[in-house]
Structure formats: C-alpha cells, structure tokens
Amino acid sequence: MAGVWRSYQALMTKHPWSVQILTAGSLVGVGDVISQQLIERRGLANHNGLRTARMMAIGFCLVGPVVGGWYKVLDRLVVGGSKSDAMKKMLLDQLVFAPCFLGAFLGLSGALSGLSAEQNAAKLKRDYTDALISNYYLWPPVQIANFYFVPLHHRLAVVQVVAVAWNSYLSWKANKM
C-alpha cells in the first residue's frame, strides 16, 4: 500500500491535473458501483453499467476539472494557511461553491439520464434541498481539515477519498426516479 501511495504522489508531482481528473472520475464510478450494489441492492446481474459509465464521465468532465480548478481559485482568493484562513476557505467552499456545484451535478446527471427539461426541473426541486442539507452534515469538518492540513495538489484526492461515500449517496440521489 505504501508503494501505491508513493507512486500516486510521484504521478501527482509530474501530472497533477491529469491525475486529479482520473482520480475524480474513477472514484465517482466507484461511488456508483457502491450505490447500485450496496444501497440499491441490484446485484451483479442487474447492475447498470451504462449508468456507471455516465457517472464516471461526470466525474472526469465535471467533478475533477471543476473541483480541482475551484481549489486553485480558492487558494488565490484566501492566501495563507492559518486556522482562520481554513475557516474562510471552508465558508466560501460551502456557501458559494457547494450549492452551485451540487445543482450542476444533479442537473447534468438528470440530463444525461435522458430526463426532459421538465422532469429534470421537478427532480431538482425534489432532491436538491435534501442533498444540500446532507452536504452540510458531511463536508464542513472535512474541508476545514483539508484546507488547514493538506497541500493544494492533494486536496482533490483527500476530498475524493471521503467522497466515495458521498458519491454513493449522490449517485443514489441523482438516479432515484
């Protein structure tokens, strides 16, 4: 395991953007597999591989680039590593970024699932508030620790490790009809 971590760190040093995007997409896919198998109890015979591929695509094209880019912007907006700087970053992250990102994630997931604009709007109206409240239970303490202790180029990876559970929830929420 230590060798895998060292290899990951070496790749992060050489290709941080690519590794962050690949990590995000892969872990969103893992979250969907967990959602289908453990939460929805579909079993392997009824696993929706297209859905997992769609969720991975959202991870590769939305989650990785947008969250990774946001952390870079956030580090420029709030310079420093003190406890109060970590708190400012967490507040910006949770009060500005999270509500917008969550809406984009759920909306894109619905659109890629083939929902009509009306169906997608109704689904967002039904699921968005619950997802945002759940977000606020999990992410503020994770983000305070992340912004205070973790170097910028590892933040997305830390978030994605915690996000395996979060992605399972989001995948279930985004695909619950």
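Predicted model: local features only at pLDDT ≥ 70, side-chain atom pairs only at ≥ 80, totals over all residues.

Biologist: Where does helix H4 bend?

Modeller: At Phe 97. Helix H4 covers residues 83-112 and bends there by about 45°. A proline, Pro 99, follows within four residues.

Biologist: And what follows H4?

Modeller: Gly 114 comes after H4. Its phi is positive, near 95°.

Biologist: Back to rings. How many aromatic pairs are there?

Modeller: The count is 9 aromatic pairs. One of them is Trp 5 with Tyr 8, and that pair is stacked. The centres are 5.5 Å apart, with 25° between the planes.

Biologist: Which helix are Trp 5 and Tyr 8 in?

Modeller: Both lie in helix H1, residues 2-14. They are 3 residues apart, about one turn of the helix. An α-helix has 3.6 residues a turn, so residues three or four places apart point the same way.

Biologist: Is Tyr 8 buried or exposed?

Modeller: Tyr 8 counts as buried, because its relative accessibility is 17% and the cut-off is under 20%. Trp 5 is partly exposed, at a relative accessible area of 44%.

Biologist: What about Tyr 148 and Phe 149, how do they pair?

Modeller: Edge-to-face. The centres are 4.8 Å apart and the planes make 80°. Phe 149 counts as exposed, since its relative accessibility is 63% and exposed means over 50%. Tyr 148 has 32%, so it counts as partly exposed.

Biologist: New topic. How many helices and strands does the chain have?

Modeller: There are 6 helices and 0 strands. Along the sequence the pattern reads α-α-α-α-α-α.

Biologist: How does the radius of gyration look against the globule rule?

Modeller: The radius of gyration is 16 Å, close to the 16 Å that the rule gives for 177 residues. So the chain is as compact as a globular protein of that length. The C-alpha trace spans about 45 × 35 × 25 Å along its principal axes.

Biologist: What share of the residues counts as buried?

Modeller: Of the 177 residues, 45%.

Biologist: And the contacts, what share links residues 24 or more positions apart?

Modeller: Such residues account for 74% of the contacts with a separation of 6 or more.

Biologist: Last one. What does the accessible surface come to?

Modeller: About 9,100 Å² for the chain. Carbon and sulfur atoms hold 70% of that.

Methods: Residues numbered from 1 in each chain as written. Heavy atoms only, no water. Phe/Tyr/Trp six-rings, centres within 6.5 Å; stacked < 30°, edge-to-face > 60°. Helix = DSSP H or I, 4+ residues; strand = E, 2+ residues; numbered from the N terminus. Buried < 20%, exposed > 50% of the residue type's maximum accessible area, 1.4 Å probe, protein only. Bend = angle between axes of the 7 residues up to and from the residue. Rg over C-alpha atoms; globule rule 2.2 N^0.38 Å. Contact = heavy atoms within 4.5 Å. Areas by Shrake-Rupley, 256 points an atom, 1.4 Å probe, with all protein chains shown as cover.
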